Structures are given as C-alpha cells and as structure tokens.
Amino acid sequence: MLVDKGKVLSDPDHNQDEQAVQAFQEAIRLQPDLAEAHLRLGMAYAALDKKTEAETSYKKAIELYKKVIQADAKDADAFFNLGQAHSFLRQDEEAARSYRQATRLRPDDEEAFYQLGRAETKLAHYPEATAAFQKALDLDPDDSRAVEALDNAREGSNRIKEGKKHAEDMLKKQQDNANANGNANSNSRSRPSPKPGIRRF
C-alpha cells in the first residue's frame, strides 16, 4: 500500500521525505478521500519545512476525518488522527477534544492519553494534563516522555496554585487597606470641627 510505503520512507531511520511525499501524493491520486494519506502528506511536507503545503494537507485531513467520524462515531483511530491534524495546526482545544474522545473509545491507548496530556498542557489545563500523563504511565510505566511531561504538568499546577494564592493575598491586603482608610475617614468626619478663633489686632 502506498501509504505504508510513505510511512516507511518518512521514518527517521530512512529520512526520505521527498520520496514519502511522492508516495502519499500517488496514494491520494488513486484514492482522493483517504484521510490518512492527507495527514501523512502534511507530516512529510512539515519535515521538509513546506509549511503552507503542510497546512493545506492537515486541513484536508480534518475535513475527511470528520466525514469518517460521521459515518462511524466509534472509530478511535479517526478521533486520534483528527487530534493529530488539529494539533499540527496548533488548534489545541479541538485537538484535546478529539484525543479525549479517542481515550474514551479506547481506554488502553497509552499514546492517546499522552497526546491528550500534551494538548491540555498547551492550554495550561495542568490538572487535566497531569491526569492524562498519569494514565499514560499507568499503561506504560517505561514511557520516559510521559514521566518528564508529568513533572512539567505538576510544576504548572503548582505555579497556578501559587499564583492564585498570591492574587488572593494581594486582594485581601487591598481590601484591608481600603477598610482601614474608610475607618480613618469616618473617624475624622465624626470629630467636631474646631470653632474659628477670634483674631485680635
């Protein structure tokens, strides 16, 4: 199959992205609605730093994967690959949504949980990212990527907690100052005004 051939050519061991592009283009010529061919073509273009061509391919892949999902809402691979295409286009909300559905349909898919964690991290949804990376590690304790990513997500969660506490402390301080000023003004108003003295010449 031409898509499989292209995948082999674009593999880091072969690093033949130009030939991979040709294989994916041929696959698309024979089967224009093959979503995976468009996704893989985009990845091969990206490896060659052809950003415009890559974006066009990813957008086409998204369009086609949505059709696949409309036909079969339980296609976990389609949701995962849709997430990939969105992720490559930096559409992180959509990517996270797609990966999340992939994990629901296939709860033992370690890679889907890992990619979900990455998307949630980009959105600064650190608790969700932490949970996703932890699940990935539960499924594959040897995934060093997930170990590092989990540490980063936990650091992000701590930063947010510290930031919230700092903001709350600052707000409380401002409120205390405002109350103190209000009381001071109230006291000054309640004091009797001194009577004007008589000036003698």
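Author: A helix here is a DSSP run of H or I, at least four residues long, and helices are numbered from the N terminus. This is a predicted model.

Reader: Where is Arg118 found?

Author: Helix H7 holds Arg118, and this helix covers residues 110–122.

Reader: How do you know whether Arg118 is buried, exposed or partly exposed?

Author: Look at the relative accessible area. Arg118 has 37%. Buried means under 20%, and exposed means over 50%. The value for Arg118 lies in between, so Arg118 is partly exposed.

Reader: Which residues form the positive surface patch?

Author: Lys51, Arg90, Arg118 and Lys122 form the patch.

Reader: What makes this patch positive?

Author: Its members are Lys and Arg residues. Lys and Arg count as positive, so the patch is called positive. A patch residue also needs over 30% relative accessible area. Arg118, with 37%, passes that cut-off.

Reader: How many salt bridges does the structure hold?

Author: There are 10 salt bridges. Side chains of opposite charge can pair when their charged atoms come close.

Reader: Why is the contact of Glu36 and Lys7 called a salt bridge?

Author: The N to O distance is 3.3 Å. The cut-off is within 4 Å, so the pair qualifies.

Reader: What does the pair of Glu36 and Lys7 tie together?

Author: Glu36 lies in helix H3 (residues 35–47) and Lys7 in helix H1 (residues 2–10), so the pair joins parts 29 residues apart in sequence. Both residues also belong to a salt-bridge network with Asp4 and Arg40.

Reader: What makes the pair of Asp77 and Arg106 a salt bridge?

Author: Their side chains meet at 3.0 Å, N to O. That is within 4 Å, so this pair qualifies. The pair links distant parts of the chain, 29 residues apart. Asp77 sits in helix H5 (residues 76–88), while Arg106 sits in the loop between helix H6 (92–105) and H7.

Reader: How do you know whether Asp109 is buried or exposed?

Author: Asp109 has a relative accessible area of 14%. Buried means under 20%, so Asp109 is buried. Arg106 has 29%.

Terms used
Residues numbered from 1 in each chain as written. Predicted model: local features only at pLDDT ≥ 70, side-chain atom pairs only at ≥ 80, totals over all residues. Heavy atoms only, no water. Patch = residues over 30% accessible without salt bridge, like charges linked within 9 Å, V, L, I, M, F, W, Y side chains within 5 Å. Areas by Shrake-Rupley, 256 points an atom, 1.4 Å probe, with all protein chains shown as cover. Charge placed at Lys NZ, Arg CZ, Asp CG, Glu CD. Helix = DSSP H or I, 4+ residues; strand = E, 2+ residues; numbered from the N terminus. Buried < 20%, exposed > 50% of the residue type's maximum accessible area, 1.4 Å probe, protein only.
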